[in-house]
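User: Please take me through the packing inside this model one question at a time, with the cut-offs stated as each term comes up.

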Amino acid sequence: MRCLLAMTFGLLIMTNRGEVAESPASQQHSVRSEMLVSTAWLAEHLKDPAVVVLCVAGNPEFYTKGHIPGARLISLKDIVTTRDGIPNELPSVEQLQSVFAKAGLRNDAKIILYGERSGLLAARAYFTLDYLGLADRAALLDGGIERWRAEERAESVDVPKITPQSLKITIHPEVLVSAKALEAALNELAKKNGAALIDARPHEEFTGERLSEDVSRAGHIPGASSLYWMNTLVSKENPVLRPTDELRNLYAQAGANNADVITYCRTGMQSSFDYFVAKYLGYKVSMYDGSFIEWSREGNVVEKGERSD
């Protein structure tokens with residue numbers, strides 16, 4: 001049964017717009033369609049034993065007041081930590097492994113993620129799973145609970161009985177970029193042959209018109225381009241991903257043509273969504289988790305206004 005489900009998962013997963021993966025011949029980067037599932041797909045597979053649904057929430061009431069039947073709660077506080085005054089850093093590998101193992105995650109599970117803030121917390125969980133080497137079998141629910149409810153699908157307040165699992169992980173440190181590594185990447189970017197650096201904050205924070213919360217300096221990291229993470233969605237109320245061609249245009253405008261992508265934001269939350277979409281579009285992507293709050297505190301150069309090429 002699980003073999004059949006794996007085939008189904010690989011071949012049939014598509015967004016609610018019916019998009020499927022594009023071949024390398026048709027695109028420089030091939031869409032990783034397995035990273036996204038529609039509400040219709042999930043409704044059909046809720047009782048499949050190999051499917052594990054995770055609801056990622058900062059406020060427990062987001063889960064307790066009603067969730068997708070069978071979903072297990074992952075608390076944001078358990079998968080982020082504050083280190084050296086920088087919030088939303090990755091905790092220890094041991095803690096992360098324990099959190100997901102206690103949620104009943106297995107190495108052979110198909111992981112479906114949804115959560116608060118139009119899917120933002122789900123994207124952060126996806127990044128965390130990618131770091132742990134578990135994201136190859138993970139996908140975001142396109143449209144999240146918002147679309148699920150708009151379609152009047154079933155919800156539950158029952159907490160499922162969970163059997164903790166023995167979970168094997170393989171760390172992928174390459175998805176993380178440190179401040180020192182970012183400085184080296186910026187040198188290559190200045191030569192027009194490095195990775196595209198993408199700022200996921202609201203555009204007004206990127207330009208310096210408005211300060212980011214708890215950040216004393218306004219502006220952005222030199223060489224970065226602006227791509228507010230919410231602009232990759234149809235709307236806040238209907239948070240499905242925009243069509244692939246529109247997403248490609250957004251990333252191309254941000255300098256991600258044939259280049260690799262590095263994302264950042266204020267504290268590594270909003271950039272998780274740009275990270276997810278970049279990977280979905282087929283880019284090789286990493287994230288500067290310390291983001292602008294760390295960069296600005298270290299006295300590094302900060303630019304204001306639009307990017308000047």
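**Burial and helix packing**

User: Is Trp295 buried or exposed?
Analyst: This is a predicted model, in which local features need pLDDT of at least 70 and side-chain atom pairs count only at pLDDT 80 or more, whereas totals for chains, interfaces and linings use all residues. Residues are numbered from 1 along each chain as its sequence is written, and side-chain values use heavy atoms, with hydrogens and water left out. Buried means under 20% relative accessible area, exposed over 50% and partly exposed in between, with a 1.4 Å probe and protein chains only. Trp295 has a relative accessible area of 3%, so the residue is buried.

User: What touches Ile86, not counting residues up to four places away in sequence?
Analyst: Ile86 belongs to strand β5 (residues 86-89), where helices (H or I, at least four residues) and strands (E, at least two) are DSSP runs numbered from the N terminus. With a relative accessible area of 6%, Ile86 is buried, and its C-alpha atom is separated by 6.6 Å from that of Gly290, 204 residues apart along the chain. Taking contact as heavy atoms within 4.5 Å, the residues that touch Ile86, beyond those up to four places away in sequence, are Thr81, Gly290, Ile293, Glu294 and Arg297.

User: Which residues are buried in helix α4?
Analyst: Helix α4 covers residues 93-102, and just after this helix Gly104 takes a positive phi of about 85°. The cover over the buried residues of α4 includes β2 (51-57), β3 (72-75) and α5 (120-131). Those buried residues are Leu96, Val99, Phe100 and Ala101.

User: Which residues of α4 and α5 make the contact?
Analyst: The two axes, which are lines fitted to C-alpha atoms over the stretch in contact, with angles from 0 to 180 degrees between N-to-C directions, come within 11 Å and cross at roughly 115°. By class, the contact of α4 with α5 has five nonpolar, one polar and no charged residues, where Ala, Val, Leu, Ile, Met, Phe, Trp, Tyr, Cys and Pro count as nonpolar, Asp, Glu, Lys and Arg as charged, and the others, Gly among them, as polar. From α4 come Val93, Leu96 and Phe100, and from α5 come Thr128, Leu129 and Tyr131.

User: How is α5 placed relative to α10?
Analyst: The axes of α5 and helix α10 (residues 270-280) come within 8 Å and cross at roughly 65°. Angles under 35 degrees count as roughly parallel, over 145 as roughly antiparallel, 65 to 115 as roughly perpendicular and the rest as oblique. Therefore α5 is, relative to α10, roughly perpendicular.

User: The rings of Phe127 and Tyr275 form what kind of pair?
Analyst: A search of the whole structure finds eight aromatic pairs, where rings of Phe, Tyr and Trp (its six-membered ring) pair if their centres lie within 6.5 Å, and planes under 30 degrees apart count as stacked, over 60 as edge-to-face and the rest as tilted. The ring centres of Phe127 and Tyr275 are 5.1 Å apart and the planes stand at 85°, so the pair is edge-to-face.

User: Phe127 and Tyr275 tie together parts that are how many residues apart in sequence?
Analyst: Phe127 is buried, with a relative accessible area of 0%, and Tyr275 is likewise buried at 0%. Because Phe127 lies in helix α5 and Tyr275 in helix α10, the pair ties together parts whose separation in sequence, in residues, is 148.
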